[in-house]
Amino acid sequence: SLKTQEVEKHLAKSSVQEEELKRDLEKLEGETKEYEVELAKVNKEAAELEESEQKYWEKISELESRLLETEEENGKVKNALAYFSQEYQRLAGINVISDNFKITCPERVAAINGFRLGRLQTEDVTLV
């Protein structure tokens, strides 16, 4: 009968379509597995990059900390140098002998802290 032939044609056509769809499904499942493998690789690489970036920032932080410590130490050294340079200038201007001993030369005889010293050609000089 005509209906049976149409049904059989339709069934045959549906079977072909089903086979095509199964092949397409298998192909898509294969592609999905490939994409999942690729995604796993990309995720692993991303995790490695994040870990590398974390280590990088830790190193940057450590170096910045060391830089601040070095700059602080450098500032201390500069302050100490300025202080000691000032002290040197102050001490260079001090005459220890003049500060400790009053040296005068009244009349013709020199005196250190009031004690007269030396000799004149014509007379001896007494200490007092």
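Lys76 and Glu72 both sit in helix α1, four residues apart, about one turn of the helix. Their side chains meet in a salt bridge at 3.7 Å, N to O. The model is predicted: local features need pLDDT of at least 70, side-chain atom pairs count only at pLDDT 80 or more, and totals for chains, interfaces and linings use all residues. Residues are numbered from 1 along each chain as its sequence is written, and side-chain values use heavy atoms, with hydrogens and water left out.

**Salt bridges**

- The structure holds four salt bridges (a side-chain nitrogen of Lys or Arg within 4 Å of a carboxyl oxygen of Asp or Glu).
- Lys76 is partly exposed at 48% relative accessibility (buried is under 20% relative accessible area, exposed over 50%, partly exposed in between, with a 1.4 Å probe and protein chains only).
- Lys22 and Glu18 form another of these side-chain contacts, 3.6 Å from N to O.
- Lys22 and Glu18 are four residues apart in helix α1, so about one helical turn separates them.
- Lys22 is partly exposed at 41%, and Glu18 is partly exposed with a relative accessible area of 41%.
- Arg90 and Glu87 meet in a salt bridge at 2.9 Å, N to O.
- Arg90 and Glu87 are three residues apart in helix α1, so about one helical turn lies between them.
- Arg90 is partly exposed at 47%, and Glu87 is partly exposed at 21%.

**Helix α1**

- Helix α1 covers residues 2-92 and includes Lys59 (helices are DSSP runs of H or I, at least four residues; strands are runs of E, at least two; both are numbered from the N terminus).
- Lys59 is partly exposed at 43% relative accessibility.

**Sheet**

- Three strands form an open antiparallel sheet in the order β1-β2-β3 (strands pair if DSSP finds at least two bridges between them).
- β1 and β3 (115-117) are the edge strands, each with a single partner, so one side of each has no neighbour in the sheet.
- β1 pairs with β2 (residues 110-112) in the antiparallel sense over two bridges.
- Thr104 has Ala111 in β2 as its bridge partner.

**Nonpolar patch**

- Ile97, Phe101, Ile103, Ile112 and Leu117 make a nonpolar surface patch of about 440 Å².
- Patch residues have over 30% relative accessible area and no salt bridge; like charges are joined within 9 Å, nonpolar side chains (Val, Leu, Ile, Met, Phe, Trp, Tyr) within 5 Å.
- Accessible areas come from the Shrake-Rupley method with a 1.4 Å probe; for residues, only the protein chains shown count as cover.
- Ile103 lies in strand β1 (residues 103-104) and is exposed, at 52% relative accessible area.
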